[in-house]
Amino acid sequence: MVYSGASDFTVRKAVIPAAGLGTRFLPATKATPKEMLPVVDKPAIQYVVEEAVAAGLRDVLMVTGRGKRPLEDHFDRAYELEEALREKGDKEKLAEVTVSSELADVHYVRQGAPKGLGHAVLCAAQHVGNAPFAVLLGDDLIDERDPLLSTMIDVQKAKGGSVVALIEVDPAHVHLYGCAAVEPTDQPDVVRVTDLVEKPDAADAPSNLAIIGRYVLAPEVFDVLAETPPGRGGEIQLTDALRTLADRPDRGGPVHGVLFRGRRYDTGDKADYLRAIVRLACDREDLGPEFLAWLKGFVAEATAPEAATLR
């Protein structure tokens, strides 16, 4: 048994699976973890840790694999660099360098073998213990102005069990996600999840509500994951374990969903990664006005009739 003993019902810890190979971004990720790819001027993983901290979770466990040492280096002190900046009197750059090492208490465990998201979460069992915890996937960046994780923690505190984040997607795209069958509750944008299917065909999807990379999970999920056989793709799927919890409240359910209608940036796809950079850069006070002015001119030039003729 992975899970045993009395529970602490307060969410205090965040788990960030970061063991993937990043094959969609080769060759850039041949020697650089995909989580370290910059989004404007910060690596994607830093946005995720900042989101966890903003929700009150300063104890962060990263589930890593081979070649992920740069993640540890980024959240560690860089004494030589700090001293060089201090000697130059560059306080602004020094503050930017030290912020990542002071964000949170970051811990690491290796997954060992690529057995799926469910297995990655299971690797966190010893660190998490018997309390509910958050899981944040690095491919989804949630705008800090739309505090999704805080809302999910509040729902979990009120209703118990586990909570997933859901968005409405085009039915033609449901095969890219885990999808949920739901029933309404007495709370707007909060639903009870009755079934989950991992990456279904459009004809078999229970709805167009797709799970995105934010979860608040009951610790009982560890026992369920330990018994969950490999599913789609030959991997242990977190969706399959949540399906069990949704069907068996006595095992640690129920499962609720929070419908998210805010700003989300998908960095797991090349085109969406570029869109995320543009959107976030345009929102920056120090970059936005100048960059947006250039962007408007570029778009106007690129879409002019004569430009289309040249192409």
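## Close-up views of a predicted model

**View 1. Glutamate 50 and its contacts.** Apart from residues within four places in sequence, glutamate 50 is in contact with Lys42 and Leu103, where contact means heavy atoms within 4.5 Å. The structure is a predicted model, in which local features need pLDDT of at least 70, side-chain atom pairs count only at pLDDT 80 or more, and totals for chains, interfaces and linings use all residues. Residues are numbered from 1 along each chain as its sequence is written, and side-chain values use heavy atoms, with hydrogens and water left out. Glutamate 50 is found in helix H1; helices (H or I, at least four residues) and strands (E, at least two) are DSSP runs, numbered from the N terminus. Its relative accessibility is 23%, so glutamate 50 counts as partly exposed. The terms are set by relative accessible area: buried is under 20%, exposed is over 50%, and partly exposed is in between (1.4 Å probe, protein chains only). Glutamate 50 and glutamate 144 are 94 residues apart in sequence, yet 8.8 Å apart in space, C-alpha to C-alpha.

**View 2. Glutamate 51 and helix H1.** Not counting residues up to four places away in sequence, glutamate 51 touches Leu136, Ile142, Leu149 and Arg214. Between the C-alpha atoms of glutamate 51 and leucine 148 there are 9.2 Å in space and 97 residues in sequence. H1 is mostly covered, with 8 of its 11 residues buried; among them are Ala44, Gln46, Tyr47 and Ala52. Just after H1, glycine 56 takes a positive phi of about 95°.

**View 3. The nonpolar cores.** A nonpolar core is a set of buried Ala, Val, Leu, Ile, Met, Phe, Trp, Tyr and Cys residues joined through side-chain atoms within 4.5 Å. The largest nonpolar core has 49 residues, of which Ile16, Leu57, Met62, Leu136, Leu148 and Leu149 touch the most other members. Helix H1 (residues 44-54) supplies the largest share of this core, 6 residues. Leaving aside neighbours within four places in sequence, the contacts of methionine 62 include Ile16, Ile45, Val49, Leu71, Phe75 and Tyr108. A second, separate core has 32 residues, including Val15, Val121, Val191 and Ala241.

**View 4. Strand E11 and its partners.** Strand E11 (residues 209-217) is mostly covered, with 9 of its 9 residues buried. Two strands pair if DSSP finds at least two bridges between them. Strand E6 (residues 133-136) runs antiparallel to E11, joined by 4 bridges, and leucine 136 stands opposite arginine 214 in E11. Strand E8 (residues 162-168) also pairs with E11 in the antiparallel sense, over 6 bridges. Here isoleucine 167 stands opposite alanine 210 in E11.

**View 5. The hairpin of E9 and E10.** Strand E9 (residues 178-184) pairs with strand E10 (residues 190-198) in the antiparallel sense over 7 bridges. Glycine 178 is placed opposite glutamate 198 in E10. The two strands, E9 and E10, form a hairpin with 5 residues between them. Aspartate 189 lies in the loop between E9 and E10 and has a positive phi of about 65°, although it is not a glycine. Because its relative accessibility is 34%, aspartate 189 counts as partly exposed.

View 6. Leucine 26 and proline 27 are joined by a cis peptide bond, with omega at about 5°. Proline 27 is found in the loop between strand E1 (13-17) and strand E2 (38-39). Valine 40 is found in the loop between E2 and strand E3 (42-43). Although not a glycine, valine 40 has a positive phi of about 65°. Valine 40 counts as partly exposed because its relative accessibility is 25%.

**View 7. Helices H10 and H11.** Helix H10 (residues 270-283) and helix H11 (residues 288-302) pack at an angle of about 130°, with their axes 7 Å apart. Axes are lines fitted to C-alpha atoms, for helices over the stretch in contact, and angles run from 0 to 180 degrees between N-to-C directions. H10 and H11 are therefore oblique to each other; angles under 35 degrees count as roughly parallel, over 145 as roughly antiparallel, 65 to 115 as roughly perpendicular and the rest as oblique. Val278, Ala281 and Cys282 in H10 meet Gly288, Phe291, Leu292 and Leu295 in H11.
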